Amino acid sequence: MSLFFKRAVPALLWTALLMVPVQAAAHCDTLGGPVVSDARAALASADVTPALKWVKPEQEAEVRAAFARTLKVRSQGADARELADTYFFETLVRLHRQSEGAAYTGLKPADAVEPAIAATDQAIETGDSERLVAALQREVAEAVRARVARVLEAKKHAGQSVAAGRAYVAAYVELLHYVEALHGGAEETTEAAVH
């Protein structure tokens, strides 16, 4: 394996993940994700600090206000507590998503996490990234193989008609854009790591 490939693989894999629509890859909007986890910790300790890292400084006042309201209401019984906690989770997640430039579409169940994202969290938790890297390598390899196969199949028929030629070009362009995105992401990530 070339030195470039060894260095670029993690960056390529992250780029591939970034090419997935934001909603599919997001897990910060799940009840089992890290944002809600820190919100729960904040409520348990009656200290908003663990939750504040998920928002920008200009959003902090709104989070603090929601937290204060939540603490006040949650002391009024089990139903009020559940409703107040959900309000705080939704406020924090909505503001976090906004800070990412992503839409807030509501809280999702705890298990609504893409496998690659769950593996990323596991790698961070355990300090072992090898399973994540292997899973992502398989995913990217499958995506590249499938695209190349489409190009090769379309190439066989490209000369039969203008429509067949266009189908070949479309498959070819899709493959090139995918590879360019992977390679460009690797260069950007490698460049950022050097500086």
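Reader: In which helix does leucine 95 lie?

Author: Leucine 95 lies in helix α6. Helices here are DSSP runs of H or I, at least four residues, numbered from the N terminus. This is a predicted model; local features need pLDDT of at least 70, side-chain atom pairs count only at pLDDT 80 or more, and totals for chains, interfaces and linings use all residues. Residues are numbered from 1 along each chain as its sequence is written, and side-chain values use heavy atoms, with hydrogens and water left out.

Reader: Is leucine 95 buried or exposed?

Author: Buried means under 20% relative accessible area, exposed over 50%, partly exposed in between (1.4 Å probe, protein chains only). Leucine 95 has 1% relative accessibility, so leucine 95 counts as buried.

Reader: Which residues does leucine 95 touch?

Author: Contact means heavy atoms within 4.5 Å. Not counting residues up to four places away in sequence, leucine 95 touches Val55, Gln59, Glu62 and Val63. Glutamate 62 is 33 residues from leucine 95 in sequence, and their C-alpha atoms are 8.8 Å apart.

Reader: How are two packed helices described?

Author: By the angle between their axes and the distance between the axes. Axes are lines fitted to C-alpha atoms, for helices over the stretch in contact; angles run from 0 to 180 degrees between N-to-C directions. Take α7 (residues 115-126) and α8 (residues 130-157): their axes come within 9 Å and cross at roughly 155°.

Reader: Which residues make that contact?

Author: From α7, Ala116, Ala119, Thr120, Gln122 and Ala123; from α8, Arg131, Leu132, Leu136 and Glu139.

How values were computed:
Helices (H or I, at least four residues) and strands (E, at least two) are DSSP runs, numbered from the N terminus.
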